[in-house]
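User: I want to learn how to read salt bridges in a model. Where do I start?

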Amino acid sequence: MNNQVTNKPSREEAEEAVRILLKYAGEDPAREGLMDTPKRVVKSYDEFYKGYNENPHEYLSRTFEEVSGYDEMVVLRDIPFESHCEHHMAPIIGKAHVGYLPKNKVVGISKLARVVETYAKRLQVQEKMTAEIADCIQDILEPYGVGVVIQATHECMSTRGVHKHGVSMVTSRMAGAFREDEKTRREFLAVVGPIESLRG
């Protein structure tokens, strides 16, 4: 499900790989300021990519079926996330907006944020991440529909290559009623509101 490797290198091997990259950059890994850098980098990888050790489906497994007849959409806006692009391993910083139209069960709102976090904490392509979040909610909660909108800045575009700053990318995924019913889709996008600048 998460494409996790079975022959994961040891922490010592990972630290040695960082030393090699430091040498490639023209540095001396034995320099005082860099001596602990391999350990710090590997430790940061544990945090950056912790999503490979988590199953987002589990977060949605505990649902509430007694909702007193509530049949309107549920939307969680402005979920912040940090990810890394799989092409250059550069940061992707953004916000996700997630909504669904319950059929007969709802989930705690913190669980929606955890689903976003799990997929973000993997090497990502924004389009794929958007689809993964929507598909996970649709598959587990089986609602009438799901909508996901993600806006993010990509450091691989601002710190290398074309060096364009202040540019953000917006992706969306609509499923079920959010795709088939224009009124429902418009209502979701109205609740999400205008896409604002991520700067500041």
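Analyst: Start with the cut-off: a salt bridge is a side-chain nitrogen of Lys or Arg within 4 Å of a carboxyl oxygen of Asp or Glu. Side chains of opposite charge can pair when their charged atoms come close. This model is predicted. Here, Glu15 and Arg19 meet in a salt bridge, at 4.0 Å from N to O.

User: Where do Glu15 and Arg19 lie?

Analyst: Both sit in helix 1, residues 11–24. They are 4 residues apart, about one turn of the helix. Glu15, Glu16 and Arg19 are linked in a network of salt bridges.

User: Is Glu15 buried or exposed?

Analyst: Buried means under 20% relative accessible area. Glu15 has 10%, so Glu15 counts as buried. Arg19, at 27%, is partly exposed.

User: Which residue forms a salt bridge with Lys128?

Analyst: Glu86 does, with the closest N and O atoms 3.4 Å apart. Lys128 is in helix 5 (residues 126–141), while Glu86 is in the loop between strand 2 (74–85) and strand 3 (91–101), so the pair ties together parts 42 residues apart in sequence. Lys128 is partly exposed at 34%. Glu86 is partly exposed at 36%.

User: What does Asp135 pair with?

Analyst: Asp135 forms a salt bridge with Arg173; their closest N and O atoms are 3.1 Å apart. This pair links distant parts of the chain: Asp135 is in helix 5 and Arg173 in strand 7 (residues 169–176), 38 residues apart. Asp135 is partly exposed at 30%, and Arg173 is partly exposed at 28%.

User: How many salt bridges are found in the whole structure?

Analyst: The search finds 10.

Terms used. Residues are numbered from 1 along each chain as its sequence is written. This is a predicted model: local features need pLDDT of at least 70, side-chain atom pairs count only at pLDDT 80 or more; totals for chains, interfaces and linings use all residues. Side-chain values use heavy atoms; hydrogens and water are left out. Helices (H or I, at least four residues) and strands (E, at least two) are DSSP runs, numbered from the N terminus. Buried means under 20% relative accessible area, exposed over 50%, partly exposed in between (1.4 Å probe, protein chains only).
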